[in-house]
Amino acid sequence: MPARKILVTAALPYANGPIHIGHLVEYIQTDIWVRFQRLRGERCIYICADDTHGTAITIRARKECRSEEELIAQVKAEHERDFAGFRISFDNYGSTNSSENRELCGEIWDAICRAGLVKTENVDQLYDTVANTFLADRFVRGTCPHCRAANQPGDNCSACGATYSPTELIDPVSTLSDSKPEIRSAPHLFIELNQLRDFLVEYTQQGDHLQKEIANYLRGHFLGDADSPEGLKELKSWDVSRPAPYFGFEIPGHLGHYWYVWFDAPIGYIASTKQWCDRHGERLEDWWKSDDVEIHHFLGKDITYFHTLFWPGMLKTAGFSLPRKIHIHGFLTVNGAKMSKSTGTFVKAETYLKYLDPSALRYFYASKLTPRVDDLDLSVDEFVNKFNADIVGKVVNLASRTAKFVEQVGLSKTYPEDGGLFARAAAVGHEIADAYQECDFARATRLICEIADQVNPFVDTEQPWVLRKDPSQAQRLQDVCTIALNLFRQLAIYLAPILPDLAERAGQLLHDPIVSWDQSQTPLLGTPVAKFEHMLKRIEVKDFEKMIEETAKETAKEIATTPAAGEGTVAASLPQDSDEALRNEPLAAECTIEDFAKVDLRVARIVRAEHVPEAKKLLKLTVSLGGEHTRTVFAGIKAAYEPESLVGRLVIIVANLKPRAMKFGLSEGMVCAAGGGGTEVYLLSPDSGAVPGQRVH
RNA sequence: GGGCCGGUAGCUCAGUCGGUUAGAGCAGGGGACUCAUAAUCCCUUGGUCGCGGGUUCGAAUCCUGCCCGGCCUACCA
């Protein structure tokens, strides 16, 4: 059977910030799939690039007093370094700011124009006359036109939930220059997506180009359903141009107008392929306009919309091949919570590599990834434990405990009787391959571990360390080790897409490089065995903790200088905080600094905490303001805190609150906490360094 | 409010086109071994399969109602 031709892309990371462990879910997932295809003998190329255009890049470059080109060149170098550190095996890593991309954008644009999909409309937008730029929604703040809440973002109000256009804001202020922007009208170019409606319905709803939940989502939210009460929906036209100044490509024939970053970003997939083709003497048409090629996109759920509607529409119109499959994954959470800068879980790739082995993260992600769109949680204990137990303890241990017994003699010449061990594991290979093929890496790792779980007992039963002491058992010793090492090699092959480093070392140990999946089906015989050296080290919780600590420090420093998040094309950049809390409890009426000064907030230490037998919600706290100054405070936090966990910690109390006689005694203050009540109570604490008695200003 | 996914041992999950006493890994307990990276092996504790109702000879598995969690949406793209 001739090899399949497969072109794989991962979403383009935005050139506005470093790669972090959230990004890596995607690049690792994709890399595993790509390496699997290559191991199977398919022709598979892995294409990516930096996404470099848009306002956010300009703003950061200005802030750092350098050109956009200089900024994106530096970020690209960093991205490539980080990806290499995690063994991401791109065949080409390009940039959307390339001549190839400009040319392809032009080609696709022409086709879209010829198809009669483009129209022009005037759009009112806020313009910052100081910074000399139009303002994207997130660079404007002002008063909500509906509820009059102050300091709201440009597109929707966090207090009342209303949505509006930035031009409706009362007293808008540019966050770039703090000046008052003016409304300017400019023509924008729109693509009438609705003309492609029939095609998009067919593409997204027929066949298996999309995961089922994604197809449902598109039907429910954009395409509509003839059978549903709401009926069919009309697709909105897409605003694809931005007036100058804008960092991007100027649209031919429209002086002063640029393609919106999301127009040229996916075309970057093709442009990056073009670079690869030029380097390898291939024709781009053979990869992007050929029915022989399977195109697979991997991306995060946040950019579903662009890749499943606009992008197929663009490709279709311009006569390019459509993606065979769009694989969409969820986000990363750490210890059950969204990644956060303040708690140090927003770990950069670079920081991770200082403390931990990339193999561990590759394996952990693999063990959690399924074909579904679910989020993936990285819990420290599970992460450390899984890698150590499965990979170091079970798989690598097989080589570690047998290789040295055959260092002198090598592997047996014929494969010994092993009770069917090798043959059974070879048969499972088909199932493992299916799992990889379907992106069910969790299933693949489970199957692999099941094999490993059978081999260590075999070694224990055969006791090579006993055989070694009896010269007459030399042949049996060599046979036992030959079996164990062959099973080890088989596992290393099955794991090779996930753990390329391990596969490489396994190849070196047995003097037979791992290059093909088929090698797992035949035992290796008669080769010398190299001196065994550690292939992977166990990882330690304390290293993980150090990494978190460093991340927390880094981000504390950065916060002052970090520009706002960009129009990124990657998953999981900043945590997307819901505005639910604000909606549940809208902001209070404005107060003056004098009003605030009436409230005396103090740092206090809880010195005693006890249950009040008859109280349903209250705990009785004794807090110290330093010296002999203690207070008794009844706090409604019983459902959320155990008294023992409170003793010793610092809290913030309202120290001048009029004492209140309660059923159980006098309460001489109030402990500050956030949350909606019940079990949702979060006590406030000062940063370390604060001492009891200090006032909060 | 709507949509999607999920709720199975302390934890992470498998099992679900209905069929014998519900499984694995990790963690816990006991023992063994000493070749191995405090690794490995054996034995073992542990579950009313979210809750209620229905279909059936038989339901973790099908239907239905409810509860809980996550994500996405809320007339934006």
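Analyst: The account below begins with the RNA surface and then turns to the core and to particular loops.

This is a predicted model, in which local features need pLDDT of at least 70, side-chain atom pairs count only at pLDDT 80 or more, and totals for chains, interfaces and linings use all residues. Residues are numbered from 1 along each chain as its sequence is written, chains are lettered from A and ligands numbered from 1 in the order in which they are written, and side-chain values use heavy atoms, with hydrogens and water left out.

A residue is near a molecule or strand if one of its heavy atoms lies within 4 Å of it. There are 37 residues around RNA strand B, and K236, N385, S400, D460 and L536 come nearest. By class, the residues of this surface comprise 18 charged, 12 nonpolar and seven polar; here Ala, Val, Leu, Ile, Met, Phe, Trp, Tyr, Cys and Pro count as nonpolar, Asp, Glu, Lys and Arg as charged, and the others, Gly among them, as polar.

Helices (H or I, at least four residues) and strands (E, at least two) are DSSP runs, numbered from the N terminus. At least two residues of the surface near RNA strand B come from each of helix 6 (212-223), helix 9 (304-318), helix 12 (380-402) and helix 14 (441-462). Helix 12 gives the most, with nine residues.

For S400, a polar side-chain atom lies 2.6 Å from a sugar or linking oxygen of RNA strand B; for H221, the corresponding separation from a sugar or linking oxygen is 3.2 Å. R468 instead has a polar side-chain atom 3.4 Å from a phosphate oxygen of RNA strand B.

Turning to the interior, a nonpolar core is a set of buried Ala, Val, Leu, Ile, Met, Phe, Trp, Tyr and Cys residues joined through side-chain atoms within 4.5 Å. Buried means under 20% relative accessible area, exposed over 50%, and partly exposed in between (1.4 Å probe, protein chains only). The largest such core has 176 residues, of which I21, F263, W288, Y365 and F383 touch the most other members. Helix 16 (residues 474-495) supplies its largest share, 13 residues. Because domain 1 (5-109 + 258-329) and domain 3 (373-521) both give residues to this core, it lies between them; the domain bounds come from an automatic or database domain assignment. With contact meaning heavy atoms within 4.5 Å, F263 meets C105, I108, W109, I112, I191, W238, V240 and M314, leaving aside neighbours within four places in sequence. A second, separate core of 18 residues includes V623, I637, L646 and V671.

The loop between strand 11 (241-243) and strand 12 (257-259) holds G248, and P245 is placed in that loop as well. The peptide bond from A244 to P245 is cis, with omega near -5°. G248 is buried at 15% relative accessible area and touches H53 and Y258, not counting residues up to four places away in sequence.

R87, in the loop between helix 3 (68-85) and strand 3 (92-95), has phi near 60° and is partly exposed at 30% relative accessibility. D178, in the loop between strand 8 (170-174) and strand 9 (182-191), has phi of about 65° and is exposed at 65% relative accessibility.

Terms used:
Polar contact = N/O pair within 3.5 Å; in protein donor to acceptor, adjacent residues only side chain to side chain.
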